[in-house]
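Here is a short report on one protein model. Please keep the sequence and the structure open while reading.

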Amino acid sequence: RSRVQGDPVAGQLNDYAALVETLFAERDSQASRFYDAALSRVPDGYAPASILDRVKELWEMVLPKRRLVIDHENNAISASGRENSTTYPISVMSDGERVALYLIAHTLLAAPDRILIVDEPELHLHETLQVELWDALETARKDLTFVYITHDLDFAASRTGAPKIVMREYTQPPA
């Protein structure tokens, strides 16, 4: 395929976007290595944690038998057991592992001081993890107002100190 593509001047630049993307990707890779090296030299608590660092921390707290593995070079996330160094990609994580990762990441990325509406917060999560996950997220994001829509009365009851609204029946209005 010709690089010129009908325009002898601008056609030469048709790979410009890919070139710029490669330059920024290389810079991000360098910055990531520098950041990791700097973190290894800074006492705990002195370096700012990225949202990705916080996602890893919360995920491992909620799933204590698992470890989240961050591959900065390839922009990839995988998991492994705590006792086992064999990693597996997100695509083969259990539904609960994936949902926990998704919910943690989206909650931490949410804009400040917003209302976060969560439909079926218990979906794909083992009941022993539900309360711990949402307690951790509410603690991590005190600036958000969490609104849960659930059929699980045990989960609703676990949200202590929060107002509860119960819909006992619904009558569809006439058309």
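Which residues have the most contacts inside the largest nonpolar core? They are Trp59, Met93, Ile104, Leu125, Leu133, Trp134 and Leu137, and the core has 26 residues. A nonpolar core here is a set of buried Ala, Val, Leu, Ile, Met, Phe, Trp, Tyr and Cys residues joined through side-chain atoms within 4.5 Å. Buried means under 20% relative accessible area, exposed means over 50%, and partly exposed lies in between, with a 1.4 Å probe and protein chains only.

This is a predicted model, in which local features need pLDDT of at least 70 and side-chain atom pairs count only at pLDDT 80 or more, while totals for chains, interfaces and linings use all residues. Residues are numbered from 1 along each chain as its sequence is written, and side-chain values use heavy atoms, with hydrogens and water left out.

Helix H2, helix H3 (95-109), helix H4 and strand S5 each supply at least two residues of the core. H3 gives the most, with six residues. Helices (H or I, at least four residues) and strands (E, at least two) are DSSP runs, numbered from the N terminus. In soluble globular proteins, nonpolar side chains tend to be buried together.

Leaving aside neighbours within four places in sequence, Trp59 is in contact (heavy atoms within 4.5 Å) with Arg66, Arg67, Leu68, Ala79, Met93, Glu97, Ala100, Leu101 and Ile104.

**The three-stranded sheet**

Three strands form an open, antiparallel sheet in the order S1-S2-S3. Two strands pair if DSSP finds at least two bridges between them. Strand S1 (66-71) and strand S3 (87-89) stand at the edges with a single partner strand each, so one side of each has no neighbour in the sheet. On average, neighbouring strands of this sheet are turned by 35° against each other, direction ignored. For these angles, axes are lines fitted to C-alpha atoms, for helices over the stretch in contact, and angles run from 0 to 180 degrees between N-to-C directions.

Strand S2 (residues 76-81) pairs with S3 over three bridges, in the antiparallel sense. Ser80 has Thr87 in S3 as its bridge partner. Helix H2 (residues 51-62) lies across S1 and S2 and runs at about 165° to S1.

**Strands S4 and S5**

Strand S4 (residues 115-119) runs parallel to S5, and five bridges join them. Val118 stands opposite Tyr148 in S5. Side chains alternate along S5.

**Aromatic pairs**

How many aromatic pairs does the structure hold? There are four. Rings of Phe, Tyr and Trp (its six-membered ring) pair if their centres lie within 6.5 Å; planes under 30 degrees apart count as stacked, over 60 as edge-to-face and the rest as tilted. Trp134 and Phe146 form an edge-to-face pair, because their ring centres are 6.3 Å apart and their planes stand at 75°. Trp134 lies in helix H4 (residues 127-140) and Phe146 in strand S5 (residues 145-149), so this pair ties together parts that are 12 residues apart in sequence. Both residues, Trp134 and Phe146, are buried. Phe146 also stacks with Tyr148, at 6.1 Å centre to centre and 20° between the planes. The relative accessible area is 15% for Phe146 and 17% for Tyr148. Trp134, Phe146, Tyr148 and Phe155 form one aromatic cluster.

**Salt bridges**

The whole structure has seven salt bridges. Each is a side-chain nitrogen of Lys or Arg within 4 Å of a carboxyl oxygen of Asp or Glu. The table lists three of them.

| Salt bridge | Closest N and O atoms |
|---|---|
| Lys56 with Glu60 | 2.6 Å |
| Arg82 with Glu60 | 3.8 Å |
| Asp143 with Arg141 | 2.8 Å |

Lys56 and Glu60 are four residues apart in helix H2, separated by about one helical turn. Lys56 is partly exposed at 25% relative accessibility, whereas Glu60 is buried at 13%. Arg82 lies in the loop between S2 and S3, so its bridge to Glu60 in helix H2 ties together parts that are 22 residues apart in sequence. Arg82 is partly exposed, at 40%. Asp143 is partly exposed with a relative accessible area of 28%, while Arg141 is buried with 7%. Through shared partners, salt bridges join Lys56, Glu60 and Arg82 into one network.
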